[in-house]
There are 2 protein chains.
Amino acid sequence: MQEHHVVVVGGGFGGLQLVHGLEGASVRITLIDRRNHHLFQPLLYQVATTALATSEIAWPIRHLYRDRKEVTTLLAEVTGVDRAARTVHLNTGETIRFDTLVLATGARHAYFGHDEWERSAPGLKTLEDATTIRRRLLLAFERAELATSEEERQALLTFVIIGAGPTGVEMAGMIAELAHKALPAEFRNVDTRKTRVLLVEAGPRVLPVFTEDLSAYAKEALEKLGVEVLLGTPVTACSDEGVTVGETHYPCRTVVWAAGVQASPAAKWLNAAADRAGRAIVGPQLNLEDDPDIFVIGDTAAVNQENGKPVPGIAPAAKQQGAYVAKVIKARLDGKPFPSPFRYSHQGNLATIGKRAAVIDFGRFKLKGVLAWWIWGLAHIYFLIGTRSRLAVAWSWLWIYLSGQHSARLITQKETLKDEA
Amino acid sequence: MQEHHVVVVGGGFGGLQLVHGLEGASVRITLIDRRNHHLFQPLLYQVATTALATSEIAWPIRHLYRDRKEVTTLLAEVTGVDRAARTVHLNTGETIRFDTLVLATGARHAYFGHDEWERSAPGLKTLEDATTIRRRLLLAFERAELATSEEERQALLTFVIIGAGPTGVEMAGMIAELAHKALPAEFRNVDTRKTRVLLVEAGPRVLPVFTEDLSAYAKEALEKLGVEVLLGTPVTACSDEGVTVGETHYPCRTVVWAAGVQASPAAKWLNAAADRAGRAIVGPQLNLEDDPDIFVIGDTAAVNQENGKPVPGIAPAAKQQGAYVAKVIKARLDGKPFPSPFRYSHQGNLATIGKRAAVIDFGRFKLKGVLAWWIWGLAHIYFLIGTRSRLAVAWSWLWIYLSGQHSARLITQKETLKDEA
């Protein structure tokens with residue numbers, strides 16, 4: 001009899017945790033990802049804001065499984081799933097047969113019906129997104145140094161972040177610190193301390209998943225860094241000329257989108273029911289009700305908590321789902337019953353604001369300020385994969401902390417100012 | 001009276017040494033580069049072969065001069081020089097007036113009349129060149145893992161390096177080590193130890209600037225790593241299908257060009273006499289004979305040694321020229337005579353072969369083997385700019401040395417296998 005073949009699509013937090021959980025099971029595993037690396041997305045904003053290098057938060061997936069001979073890693077893009085034939089179709093023309101299929105393909109940013117905004121307001125999901133934002137950010141200061149009109153200079157020195165979740169807050173804090181502290185000594189024609197960083201949020205407060213007093217603290221900490229926080233008004237227009245918030249137009253040249261996500265097309269591949277964000281609706285064991293050997297986990301699955309609220313689209317949730325599905329698969333292979341449905345256990349929320357402040361909400365344990373910032377840093381170092389990355393990130397942060405200087409201030413991908421325009 | 005304005009184009013080794021040499025002089029300096037970073041080109045091949053991260057060998061130029069208030073850094077591309085008006089034209093539309101102009105704009109790779117080869121055989125001069133080669137190198141192994149025909153698999157596992165100077169030798173050694181040592185445990189369908197690395201050189205030996213016995217040692221060390229060295233036969237054809245060396249066709253999918261360079265268009269901007277490689281012909285003080293306030297240094301200048309041989313296109317030569325021109329400018333400003341012409345002092349040649357061997361030729365002092373490799377490493381760390389980079393590179397190398405694992409194995413820039421095709 002041929003060994004049971006588990007095909008996993010997506011090498012994010014969910015997919016990796018699943019493969020980890022299947023260690024020792026008598027299965028053959030094929031892990032397919034369209035990138036060659038696993039990305040530690042919680043720190044991606046630090047690449048976009050020049051604090052970390054790309055290779056410090058990304059690892060070749062196949063390297064993680066070099067000692068797991070039953071795991072085959074393929075770099076390919078899935079184009080569809082044939083449920084009748086039990087195959088996954090790849091963009092390379094190949095088809096891969098599966099006994100069990102797990103889709104953990106994540107999400108992309110979404111523009112709520114304004115896809116034309118993407119060009120001016122890139123989101124932050126991949127390493128290329130991060131180097132694109134890094135390039136635009138650094139080029140804005142370079143162009144301001146060359147600008148001939150005061151109006152153009154001020155537009156170049158205005159940065160707008162749309163969305164005040166953790167990513168938006170963290171980006172805004174880092175850009176403000178860069179402009180107000182790291183860069184002023186290096187420019188001769190322009191005063192980078194005149195930089196305006198606007199954080200725009202349609203909702204009534206920043207970091208809405210935190211408690212109200214932590215939100216209020218975060219807003220205050222942002223304002224201390226020089227960030228202007230605009231709450232309660234949605235963005236109504238967005239172009240290369242600037243951003244309109246409600247009725248007010250802000251001329252600017254650099255916009256970052258941190259406002260919303262859209263699930264990957266996993267539900268479409270399966271021809272399965274999906275929620276409004278495109279996430280596949282799965283049963284209590286995270287599989288399709290009418291096809292129990294097909295699982296969907298992470299940001300591309302619509303799963304509810306016991307209180308009826310949706311499971312949040314964060315790394316710990318995806319990891320818990322990956323670990324859970326590994327247990328379901330193992331129980332089935334062993335012929336054991338596995339009745340208990342998936343239950344999400346919320347560990348808490350963390351967000352950092354610049355170099356000295358953070359907010360932590362672990363339910364009963366809440367914390368803000370410098371100590372929270374240290375806990376945030378240590379927690380993120382702990383969750384990085386591999387000794388080398390932990391040491392490298394710790395070292396980069398220590399360097400920034402002591403010297404105030406960022407280490408990865410590179411403009412890459414495009415050759416000149418002209419190419420970018 | 002307005003301060004004397006020195007305009008420097010190019011933030012490579014020559015330009016930086018010049019600005020360094022002008023410290024304390026009563027001049028205003030504008031340094032123009034089309035990139036925002038100075039690049040430590042001698043280690044660029046290590047980015048291309050996944051050993052170092054991009055940010056470990058590149059530094060924002062303006063950061064280097066944050067404490068030199070008389071130095072203005074501009075990110076822009078020069079499009080021409082108007083000698084009559086004493087201005088430099090930028091692609092941003094601006095013109096910059098100069099009293100003294102120093103062009104230190106370097107060189108690009110050249111294909112000796114076969115520009116159509118560039119698409120298949122990229123050279124290695126910029127960070128993007130390095131990440132392009134890194135992507136092709138890593139994608140070749142990924143595609144081999146997915147290949148359905150043995151013929152295609154072998155073509156994917158064949159890597160051809162054209163040109164056996166230091167860059168070619170170093171690239172070939174690193175690729176062989178990657179394929180034969182770092183990667184085999186990570187692939188399931190393909191045996192990366194079957195990788196062929198061909199180093200093709202039209203001349204009679206590898207590392208022609210070294211003595212014959214060091215060349216012979218380098219060839220032997222390369223062959224021990226599994227590199228096939230093809231000497232004395234030029235490449236006659238090069239396409240996406242493979243490379244033809246003399247009459248023999250080698251099917252392959254990854255080719256790297258390390259065979260020749262072409263000067264930047266500095267001579268054209270000046271409408272000055274140039275040699276066959278496009279380098280501006282300058283006088284004994286490195287300036288134009290008919291326009292002594294315009295200097296040309298580094299890889300874009302044609303300068304001869306006392307023995308009649310041309311000054312080599314290496315970092316120490318560019319640095320010496322930058323330092324020399326700084327002295328000339330300072331002497332002029334002080335109204336002192338400065339008669340002695342530029343004299344190149346050759347310090348020696350170094351090249352490394354894989355992780356254990358190197359060759360060193362310091363004239364009377366020659367060395368090969370493990371000790372040479374350590375000296376090579378220490379010398380390169382010493383010449384890196386800044387404490388942070390020295391520590392970061394030292395740490396990356398130590399990690400590779402101890403673990404055998406490379407730290408920057410990222411495929412970036414393109415999303416999928418398909419995009420690249």
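Residues are numbered from 1 along each chain as its sequence is written, and chains are lettered from A in the order in which they are written. Because the model is predicted, local features need pLDDT of at least 70 and side-chain atom pairs count only at pLDDT 80 or more, while totals for chains, interfaces and linings use all residues; side-chain values use heavy atoms, without hydrogens or water.

**Both chains.** Start by superposing chain A on chain B: a turn of 180° with a shift of 0.0 Å along the axis gives an RMSD of 0.0 Å (least squares on the C-alpha atoms of residues with pLDDT of at least 70 in both). The two copies are thus related as by a two-fold rotation axis.

**The annotated domain.** Next, select residues 5–322 of chain A, which an unreviewed UniProt entry lists as "domain: FAD/NAD(P)-binding"; such annotations may be inferred rather than shown by experiment. This stretch is 28% helix and 28% strand, and its end C-alpha atoms are 17 Å apart. Helices (H or I, at least four residues) and strands (E, at least two) are DSSP runs, numbered from the N terminus.

**The cores.** Now show L43(A), I57(A), M171(A), L199(A) and I353(A), which touch the most other members of the largest nonpolar core, a set of 71 residues. A nonpolar core joins buried Ala, Val, Leu, Ile, Met, Phe, Trp, Tyr and Cys residues through side-chain atoms within 4.5 Å, and buried means under 20% relative accessible area (1.4 Å probe, protein chains only). Helix 6 (residues 166–182) of chain A gives the largest share, nine residues. A second, separate core of 70 residues includes F40(B) and L384(B).

**Aromatic pairs.** Rings of Phe, Tyr and Trp (its six-membered ring) pair if their centres lie within 6.5 Å; planes under 30 degrees apart count as stacked, over 60 as edge-to-face and the rest as tilted. F40(B) is buried at 3% relative accessible area, and W59(B) at 8%. Then pick F141(B) and F159(B), a tilted pair with 5.2 Å between centres and 35° between planes. F141(B) sits in helix 4 (residues 127–146) and F159(B) in strand 11 (residues 158–162) of chain B, so the pair ties together parts 18 residues apart in sequence.

**Last stop.** Finish with C238(A), which is in no disulfide (cysteine sulfur atoms within 2.5 Å); the nearest cysteine sulfur, that of C252(A), is 7.3 Å away.

How values were computed
Buried means under 20% relative accessible area, exposed over 50%, partly exposed in between (1.4 Å probe, protein chains only).
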